[in-house]
Amino acid sequence: MNWVGRRLPRTEDPPLLRGEGRYVPDIALGARAVRFLRSPVASGRIVSLRAPAGLPPGALFVTAADMPEARGIRPALRRFEYRAVEQPILPRERVHFMGQPIALIAAESAELAEDLLEQVELEIEAEDPVVGLEAALAPGAPAVHALAPNNVIVEGAIRPDGFADAMAGAVHVVEFAFRSRRQNATPLEGRGGVAEYDRATGRLRLAASCQMPHMLRSGICEVLGLPEADLQVVAPDVGGGFGQKMSLFPEYPALVWLARRYRGRFAWIEDRYENLIASAHSRDQKHILRAGFNAQGQMVALEADILADIGAFSCYPTTCAVEPLMALAEYPGPYKIPSYSVRARGVLTHSCPAAPYRGVSRPVITFGIERLMDRAAAAIGLDPVEIRRRNLHDVFPAKSPTGFTLDEGSYIEALDEAARHLDIPAFREAQAEARRGGRLLGLGLAVFNERTGYGTPAFAARSMEIVPGYEVVDIAMTPTGEVEARIGASPHGQGLRTTLAQIIADRLGIDPLAVRIIHGDTDRTPYGWGTFASRSLVVGGGACQIAADRLAAKLRRGAARLLQCGEEEVVLRDGLAVTGAGASIPLREVARIVHQRSELLADEVGFNLAESGSYDPPGTFSNACHGCIVEVERETGAVRILRYLVVEDAGRIINPMIADGQVRGGVAQGIANALLEEIHYAPDGNCLSATLADYIPPTCAEIPEIEIHHLETISSATLTGAKGLGEGGTIGAPAALCNAISDALAPFGVDIAEFPATPPRILALIRGRRAVWEAA
Amino acid sequence: MNKREVVFTVNGETRRVLVEPRRTLADTLREECGLTGTHLGCEHGVCGACTVLVDGQPTRSCLMFGVQAEGASIRTVEGLAAPDGTLNPLQRAFWENHGLQCGYCTPGFLMLATWLLERPTPLDEEELRHVLSSNLCRCTGYQNILAAVRAAARELDRWTESAPA
């Protein structure tokens, strides 16, 4: 029986469907409630901070002065151009963004804590804030942190020899400057934690809505100077993360400090307002691209200047370099670009810190290069499909200009497949017909590759002080024959309990329901890196396969002894160890004997059925082509998606149902990025996007059916053949949609150079302009 | 702050609780009744994660006070499955159609869809999208949620391909 490749319903689901999931707010019942006093201004000096008069018994008021032993959060990058700005848990003197925690109140209930917050006497001398990239880089701009006098916290550049000559040799030069606006990942459950001191053992336990429990433990222990053995971090059911729950936020060390200092149980459950203004933002970028093409429409040189507004502090552990330097490293994407010159800068402003959000910079760079391709196609007189065909990698493994090895993919095949399904010639006729009736239809494509499942060497190349990458899986069969696999990845909706069980079940010849995946608990799982960057199924899955194979060997050895045959004669299937001669023994019987009749098997297998596997792959590139057809309403600027399709190549698909779910969910977030969601700041640094009525995630009325077509290129870059696909949907959608909108607006001689492409932006583009057919 | 006694039924069981008048129904259900299946996503009435049925109507329990539920009959996600945990047809359809990922929005969607499937008029595509667009899901992209409710409606003979004229 092959379990890999089957649409197995998730074992995670039944409790969640009965309302029996256990999320952090569910664990928080009965704990003392913690609320944070947050800065009302973007920049200022704390003049005085006093506790509410008449703090009721049992209530606590805590400021930086109460926790002198707590260090700040110090994300570090081993690059000389990186300014190691430190974020205090609670600030002593200055505030750097609106929403920054300043002090906390703990009380019997959240309502009471909020009442008391209003009575805190806080005096802040507000100062002129630096808001937005332009202000931060203006000559004479105030410095957000003295460590970075020009507000550049990190800078990288690649200036290859011969670039100027390559560009000078171009027949066509195409430029594209654009702006990507600020977003919030908006998991439906916000951040939150429950910290508890166990008086019996003297240990601390933090249940947190997080993606990286081990990393969170390391970060908190570093800040508070605690031994890691004394802190257990648990990620219970987690209501979405999308990158936002990777980072160490000051609220978590504060919570653990409270539990330790007051030997009690404290819970902080953030509300949506806090999540929107003070968790983590992303994608606030401005790029200027210049590309040279030869007469055949092949790109000969690409120059990029990248600016990322990273907010007021760097994030831990990835650092704020994650956006600008990923854009720098991955811009060429799926294209053959002989000469690539780039500069990328991370810029400090008085706004919420930026941190990874699904796809990180790739939705932005894919928007850039794919919009550039369409501009180039128009300038050179080529069809959008044809110009991409002429530039995509078609020989693998290929080398990117920044040194990546692109393993085997299906870049051109995916493009052709998408074009075929879209039936572009038929669409062009429909488009012309619609234009005659005054309707604006457009078609857009986005081709990209997605770097996934990368291990230690890839992260080490980023010069991070903390280098993620590998995964370790500890596997064991119990005396009653179930398999427990303890993983370092930390799923929160990705269905890994099911997919990893499918992988293990195939290697051991057992039912996936006999496999228990244990995750999200630093006491019960090996040190690992959690779930992010489309890595868990590739890296954790590879480690599961290695561990399961070792366990299988042990089981075969034991069974061979019991069945009196050679080890090589034993096959594991259907829960049995079977010999070629037809003799068999249930695996659970082997397991029972190993544990409870060890005198029979100890010589062959020892005293347990425990094994460990670790996997640290170099990384693999998935690839995809997104295609869509939109209608733009001329009177309102509204965009309606008439068709959306994805041709995805993520190698071997372990569970097609879950894979498609990842793609569709990703595309929905990409559609939000393309059309709807934007965090706004007022010029005084006040975050205006404070509710879900201001920051607008899409509903099912905005998300169309998404067609998915799979290609399965099995490359040798991963052990299971699976490549990651968690982020791809989000990466491709802004480019595909904005290309389609630009195609629709082409008769007006305008295109999209800022996203989200909201109705006001679209109306502003065409205001006062006439379509070509009206111009005469 | 003074607490008041409130009596209502939840999933058929009478509950007598003491709550502050300002405590929302959602918090009352979660904290006073221990029914944590009802989740809070925004606490300002946009996301719909906290949807429960109050006297048969889908209700954002974050926008209603616990004291307003005096005498009401409330249904929450905990009341959907059989006592032995067997999923009902709607829950099963969510499972089979992969209508959830992180599961946080799921109870709200289940209660909204429960109301939809119990109405006397059969459900069609337009009505389905219209009603379900009142709740947010951040993981699934909605397609599988719609598919799940469609499948349940078919199984329960509540589906029609087009709206009655």
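1. Interface between the chains. In this predicted model, 43 residues of chain A are in contact with 45 residues of chain B. On the chain B side, four helices each supply at least two residues: α2 (89-96), α3 (106-118), α4 (125-132) and α5 (143-155). By class, the side of chain B that touches chain A comprises 21 nonpolar, 16 polar and 8 charged residues.

2. Domain division of chain A. Chain A is divided into three domains.

3. Contact between domains 1 and 3 of chain A. The centres of domain 1 of chain A and domain 3 of chain A, taken over C-alpha atoms, are separated by 39 Å. Each of these two domains of chain A contributes 13 residues to the contact. On the side of domain 1 of chain A that touches domain 3 of chain A, α6 (213-224) and β12 (231-234) of chain A each supply at least two residues. The largest share of that side, 4 residues, comes from α6(A). In composition, this side of domain 1 of chain A has 9 nonpolar residues, 3 polar and 1 charged.

4. Helix α20 of chain A. This helix spans residues 728-745 and contains 18 residues. From its first C-alpha to its last, α20(A) reaches 26 Å, close to the 26 Å expected at 1.5 Å a residue.

Technical notes: Residues are numbered from 1 along each chain as its sequence is written. Chains are lettered from A and ligands numbered from 1 in the order in which they are written. This is a predicted model: local features need pLDDT of at least 70, side-chain atom pairs count only at pLDDT 80 or more; totals for chains, interfaces and linings use all residues. Domain bounds come from an automatic or database domain assignment. Two residues are in contact if their C-beta atoms, placed from the backbone, lie within 7 Å. Ala, Val, Leu, Ile, Met, Phe, Trp, Tyr, Cys and Pro count as nonpolar, Asp, Glu, Lys and Arg as charged, and the others, Gly among them, as polar. The expected span of a helix is 1.5 Å times one less than its number of residues.
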